[in-house]
Amino acid sequence: MLDDVFRYQAGELTCDGLPIRTIVEAVGTPVYIYSLKGALANLRRLQAAFAELGAHIHYSAKANGNLSVLRALIGAGAGIDCVSAGEIFLALKAGAQPSQIVLAGVGKTPEELCFAVEQGVGWVNVENVAECALLEQYAAALGRSQRIALRLNPDVSASTHRHIATGHGGAKFGLTADVVRHLLDTQGDYPHLRFEGIHIHIGSQLGDTAATLQAVEEVLKIARAYPSISTIDIGGGLPVAYERGQIMPQPEAFADALAPLLKGYDVILEPGRSIIANAGILVARVLYLKEQGGHKFVVLDAGMTELIRPALYEAHHEIVPLVQPAADAPCEPVEVVGPVCETTDALAHGRPLPPLAPGEHVALMTAGAYGYVMASNYNARPRPPEVVIEPDGETWRIARPRETWEDLIRGE
Ligand code: LLP
């Protein structure tokens, strides 16, 4: 949404003071644009909020794995939370120290576990008893000692969309408390593993701090009984505001609420969205307008292939024209849709927008997280370029070029 990073200046939308139009004229649409300055400011805010807890921040690469983004965050002291060997590869390419990398995930392959141990990642977050045997085998073969955290499923209901809640009993994520206890009781069976942490992640875009507190209480019930546990990894999930006027709990609220509970433990945080979501936008062009079945449609050149969140989670993204509308411009509810051959390919339903004409551009706000990373080539649509504006707030560059038709058939 409009804030310090993205705002209207002299009648047009700017990022860090740079007119978005300049980038669009050079690279076309659709295009993702990220403010590295904005991402770094978000990281520093989290670092400051959790400073009292001495928390270490592992940026969750799944939110946005662009190497330029990763490099900037690593340079500012972030470790990287990875959910696949592919993400470890990205983190290493971007300059992360292996010790600052975590491998998490509910279905890590034996090859991924082996790769992680070989690379010497700082942590493996375990979600299955069988992972321990595999890790023990690889660590023993390499003569290593691998540090692990057990991911507890704390059986709490996070206040968020049901598709991004992960901490309730029926979820596939984590281990139940008795399994965590059992593994800690039998840790002697795994001489090459160091059982030093307990991990939770109860969901993303958390609407309150209450469920997190409850989950941490569950962690503590276990951790207090096992002195080898020095670290509590509280996962990601810190929310951002997607709608104008939406009030979400701030990082400081989470930090203040958690501080009394986590005293004496090393703390890890795995934020993705709260670092990069509001530092990025997706810019699209209006292709056509049409009116039928009682609806006015605005057809964009971007849709669910570039931003799947509305289709998948009924997510709201603000849509703002690049040219600032007059303060008294009449707003009419419209269906904002993409070009993809799917009824669910809509970016907004009944959204009041000022009049838009074909050829005009709009920005889908707060699209820095779970935008490009979830994009697809469905309908043989080449994926858009990713542009970054450097931390100086002045220079911009194409961090990843637009895909070509040749890219679509590479390897076939
Ligand atoms: N740690 C773990 C174990 C996770 O599963 C996730 C996200 C994170 C950290 C980072 O969470 P964040 O701080 O970004 O909320 N595609 C969905 C979000 C899926 C999140 C998956 N896990 C969306 O667009 O809303």
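Tutor: Start with Thr14, whose bridge partner in S3 is Pro19. This is a predicted model, with local features needing pLDDT of at least 70, side-chain atom pairs counting only at pLDDT 80 or more, and totals for chains, interfaces and linings using all residues. Numbering runs from 1 along each chain as its sequence is written, and side-chain values use heavy atoms, leaving out hydrogens and water.

S2 (residues 12-15) and S3 run antiparallel and are joined by 2 bridges. Strands here are DSSP runs (E, at least two residues), as are helices (H or I, at least four), numbered from the N terminus; two strands pair if DSSP finds at least two bridges between them. The open sheet has 3 strands in the order S1-S2-S3, paired antiparallel. Its edges are S1 (6-9) and S3 (18-19), each pairing on one side only.

Now for the barrel: 8 strands close up in the order S5-S6-S7-S8-S9-S10-S11-S12, with parallel pairing. Its neighbouring strands are turned by 30 degrees against each other on average, ignoring direction (axes are lines fitted to C-alpha atoms, for helices over the stretch in contact, and angles run from 0 to 180 degrees between N-to-C directions). Zooming in, S7 (101-103) and S8 (123-126) pair in parallel over 2 bridges, and Val102 stands opposite Trp123 in S8. Helix H4 (85-93) packs on this sheet, touching S6 (79-82) and S7, with its direction at about 165 degrees to that of S6; contact means heavy atoms within 4.5 Å. Helix H5 (110-119) lies across S7, S8 and S9 (146-151), at about 160 degrees to S7.
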